[in-house]
Amino acid sequence: MSLRSFAAALLADDGTEPWTAGVGDRLEAVVAAMPAHARFGLRAAAAAADGYALARTGRPLAALTAAERESVLALLTARPVLGALFDVVKMPVLLAGGTERMLHHGHGPGTTGDRPAPPPEDPPLEDPPLDCTPSDHWPARSTADAVVVGSGAGGAVAARTLARAGLSVVVLEEGEYHTTGWFAARPPLERFTRLYRDGGSSFAVGYPPVLLPQGRAVGGTTVVNAGTCYRTPEPVLRRWSEDLGFRLAGDLGPFLDEAERSLRVARQPVDVLGGNGRLALAGAERLGWRAAPLRRNAPGCRGARACVAGCPNGAKQSVQLSVLPQACAAGARIVTGARVSRILVDPDTPGGARAAGVRLRRRGGGEAEVLAPLVVVAAGAVQTPLLLRRSGLGGHPRLGRNLSVHPATSVAGRFAEDVTAGPGVLQSVGVEELHGDGILIEATAAPPGMGSFVLPGVGRELRRELEESGHLATLGAMIGDRPSGRVLGRERALVRYGLDRGDGTRLMRAVRAMGAVLFAAGAEEVLTGLPAEPRVRSLTELDDALARGGPRALHLSAFHPSGTAAAGSDPQRSPADPEGRLRGVRGVLVADASVLPSCPEVNPQLSIMAAALAVTEAWVERGGADGARPAG
């Protein structure tokens, strides 16, 4: 069965709605951006659905009427395990369907939902200049004082710190450089598939499977996050410093201040908060719960709800608009389309093995080497362990272990009014009443398929939900988890994640809390995310549904992976030492989310930037005492 036929069956394409006709072709474009194993999995799922239809009716799905297709798909998704897997398959269909419907209704490229973004008073400002060179045009051999692998939150700060200290710095980024003008000229779906690793299809293996999206572009995941900026909570910093031995965390406050200044962090103004955020505030107020607009790095936000696919207005200060231009102004250079295959090591230097640079693969083929006595690894908590293993530096027994994420789930409330009318922020309000228990609730407004919420139903029911999604207000909850995952592999990551029993209990509690906020705000019904009981009309019904269900029935996403090369004082438990230096080799620093000893319990961009700043400044203050010295 083709993916086009599968999309037609899933959305009941019976010719009554013109926009459904193009969903199949657009779905093919989404799938083409995914890696081979994901493409195979989706096509296998479509073929399995067709096989199930043949077994039940003697005819393939394409030969059934719309009502017959819905009946077959409903039976297929009623099974718990199959239902969870089917939700994963639905997401690219919703991505394609939401985009096709948006474009059919005449909304422009920079829009994401049922309403176009407000016309800008001024065109987007020109992006600050970056010194970017495609890897195809970089010399086969070059030298530098320091090489930074990765250009996200940690890598950008590391590059700026070292360049300002007088080092010649080369930043290597596997992704490409995209400007604000590029974002503004393209629909969200095209941006989404280009800006995420594996077209947004990355996931962690477990029961249930967990989606794990990761950015891949100049600026890393900061390009596609929601712009929410929480400071690392003081209890977390104390635990990192006093219990786990990450010495630098004991004085991270000034570095957090600097990260906030760099990103121009401020409380989100209410004028573009959006209906979703206003309803979250109203519901929390009626319950007597603590809630407020979030602190974000988006001065001048115009409420385009496009953060997860690159800001089309240049308001969100992701690091390619803030930190990297400062790094380049200090002399750093960025090489794009450069996948680092290994860190080069000189084993015969006095005092033991020392980094000697990196070898990279060019996007167009061939290799190059950048020789340097300092290598800063900032490829992210999933990719950093792979690079260290490829380099022969992966011998520590805890490398790739200790993976912490923010397991997340969402619910939606249906309201009589159109929640998406007018401008609105994608992630606008934080409900912090349960934050002391590790549960953080945030009002979200991602377009269908781009968030962690999956619309329920199949066939005409699913199509109706997509058409009426403007009346849904969505809340998402994430929890600070017990590190229970692992990153395996050398070339391609295999992420394993088993949901801890206690974390599952807190997720169910979070669903209940989100339902309470939505009903208090006046929701007519709440979409639970539970396949067996997707809709409830009261808090009592929600309690009953939760009592009959369990956390493994929820559709889960995971965000903010961390901890896979954690810093700490115990050499047996921490691959990096208390100052972020990789154990077993000199001249390698870890300066991304990998170095965090445990879950930061909040959106982690500030935590990562502050940690990277602390690690690299400590190295500079030592005068490169581990074998590489700053120039001059």
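1. F192 counts as buried, at 7% relative accessibility. Buried means under 20% relative accessible area, exposed means over 50%, and partly exposed lies in between, using a 1.4 Å probe and protein chains only. Y196 is buried too, with a relative accessible area of 7%.

2. A word on the source. This is a predicted model, where local features need pLDDT of at least 70 and side-chain atom pairs count only at pLDDT 80 or more, while totals for chains, interfaces and linings use all residues. Residues are numbered from 1 along each chain as its sequence is written, and side-chain values use heavy atoms, with hydrogens and water left out.

3. Now the aromatic pairs. The structure holds 2 of them. Rings of Phe, Tyr and Trp (its six-membered ring) pair if their centres lie within 6.5 Å; planes under 30 degrees apart count as stacked, over 60 as edge-to-face, and the rest as tilted. W182 and F183 form an edge-to-face pair, 5.8 Å centre to centre with 75° between the planes. F192 and Y196 form a tilted pair, with 4.4 Å between centres and 35° between planes.

4. Is W182 buried or exposed? W182 counts as buried, at 12% relative accessibility. F183 is buried as well, with a relative accessible area of 2%.

5. Next, an open sheet. Its 4 strands run in the order β2-β13-β12-β11, with mixed pairing. Strands (E, at least two residues) are DSSP runs, numbered from the N terminus. Two strands pair if DSSP finds at least two bridges between them. β2 (141-143) and β11 (338-346) stand at the edges, each with a single partner strand, so one side of each has no neighbour in the sheet. Neighbouring strands of this sheet are turned by 25° against each other on average, direction ignored. For such angles, axes are lines fitted to C-alpha atoms, and values run from 0 to 180 degrees between N-to-C directions.

6. How do β11 and β12 pair, and over how many bridges? β11 and β12 (residues 354-362) pair in the antiparallel sense over 8 bridges. The bridge partner of D346 in β12 is R354.

7. Last, R492. This residue lies in the loop between β19 (485-488) and β20 (494-497). R492 is partly exposed, with a relative accessible area of 45%. Leaving out residues up to four places away in sequence, R492 touches P35, H37, D198 and L386; contact means heavy atoms within 4.5 Å. A polar contact of 3.2 Å joins the side chains of R492 and D198. Such a contact is a pair of N or O atoms within 3.5 Å; within protein, one must be able to donate a hydrogen and the other to accept it, and residues adjacent in sequence count only if both atoms are side-chain atoms.
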